[in-house]
Amino acid sequence: MLILTNLNLIDGEGNFLEGKKVVIEGTKIKDINADPTPANAEVTDMKGYTILPGLIDAHLHLGWNGEPNIETKMLKELLPMTALKAYVNAKNDLLAGFTTVRSLGDRGYIDVALKKAVEDGVVDGPRMKVAGQAISMTGGHGDMWLAPEVTSSGFGTIADGIEEMRKAARYQLKMGADFIKLMATGGVMSEGDEPGSPQLTEEEMRTAIEEAHKAGKKAAAHAQGTEGIKNAIRAGIDSIEHGIFLDDEAIQMMKDRGVFMIPTLSAVFNIKKHGKEAGIPEYAVRKVEQIMEAHLESFRKAYKAGVKIALGTDAATPFNKHGENAQELELMVNAGMDPLDAIMAATKGGAELLSMGEMIGSVEPGKEADIIAVKGNPIEDVSLLKDVKFVMKAGKIYKFI
Ligand SMILES: [Zn+2]
């Protein structure tokens, strides 16, 4: 039994509690009010630290790490090399306090394999929910392959029409996907399309979403333009990723149906910050300049309207690095979110989206001991989360400085 004592705690309701104790037994939190101290317990004094639940990055890609031009990389890199890098990236997420991550599309099922390797104790890493390959239409966002026969090692699997879509979704589930990822619109990192263009149709998405829901799983849509966002919501999607052009109707639809928004502000911010001088493709820089304001406005409006929000970085996009995931909290706060709400989006919100709310997302008895700590009060200064001092996952300490 391990007792962390003399600490401040942000509880599941967002209260800041001083002078608390957390008792950990095995992989779980046993108590947050143990008095007197149980005998035979190992006691660690954490004066000056604030503990909170392990953070959740609900949108990232494990195989890349902020390379300026991912497309070139992906087309030339050997898949085993991408897999080795994915392990390092995931470990960096964990050490940055992100004890759970959701991969929304990776090459050749490396996310599925890495998740299994972590679960089996082969390597250290965060808890994972994985999408396997994202599904896109021919020539859509995620289809950067010229020949269809190479797509099995690619980022996306290609499907056109209802029957191909059903097969593609079933195949992802067979391969171990926890989520189905669908490309509802064009995107920033795809040459030759526009974020506003709808791509997979409502019927195609409905087919894949049905297959996911039948298996008790969820579906997420890369959705940037308004029409594609609404197609995905009408098709029954569980989360809108990016959500760049949200109008009032889309926001209302998301609210009514409990659809999450994962804003991924870091993706846009880092492309804008580094620009084409740093080697980012010109088309991506141009598109970011066109969408950035609308994106921030959509995020603010959705937040004010009470749309459910989970934190996601889209780590992997240019200069958006694994291990720097907490930048997203800072960006959400700078865009107008209350710091405590940003922390909740990164913990409770993510846990609900990942269907892991019973297990993780708050520090309370009975939950898994996924706990991080910072020096000081992150509700007063959310940027403290960029410098996490203590990381515990399932009762095991991975970092304590
Ligand atoms: Zn993404």
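Before you start, note that the model is predicted, with local features needing pLDDT of at least 70, side-chain atom pairs counting only at pLDDT 80 or more, and totals for chains, interfaces and linings using all residues. Residues are numbered from 1 along each chain as its sequence is written.

**Stop one: α2 and α3**

Select residues 79-95 for helix α2 and residues 110-119 for helix α3; helices here are DSSP runs (H or I, at least four residues) numbered from the N terminus. Their axes come within 10 Å and cross at roughly 55°, each axis being a line fitted to C-alpha atoms over the stretch in contact, with angles running from 0 to 180 degrees between N-to-C directions. That makes α2 oblique to α3 (under 35 degrees is roughly parallel, over 145 roughly antiparallel, 65 to 115 roughly perpendicular, and the rest oblique).

Now pick out T82, A83, A86, Y87 and A90 on α2, which touch I110, A113 and L114 on α3 (contact means C-beta atoms, placed from the backbone, within 7 Å). By class, that contact has 7 nonpolar, 1 polar and no charged residues (Ala, Val, Leu, Ile, Met, Phe, Trp, Tyr, Cys and Pro are nonpolar, Asp, Glu, Lys and Arg charged, and the others, Gly among them, polar).

**Stop two: α7 and α9**

Next, select residues 248-257 for α7 and residues 282-305 for α9; the axes of these helices come within 10 Å and cross at roughly 40°. α7 and α9 are therefore oblique to each other.

Show I251, M254 and K255 in α7, and you'll find them meeting K301, A302 and A305 in α9. This contact has 4 nonpolar, no polar and 2 charged residues.

Definitions and conventions: Helix = DSSP H or I, 4+ residues; strand = E, 2+ residues; numbered from the N terminus. Contact = placed C-beta atoms within 7 Å.
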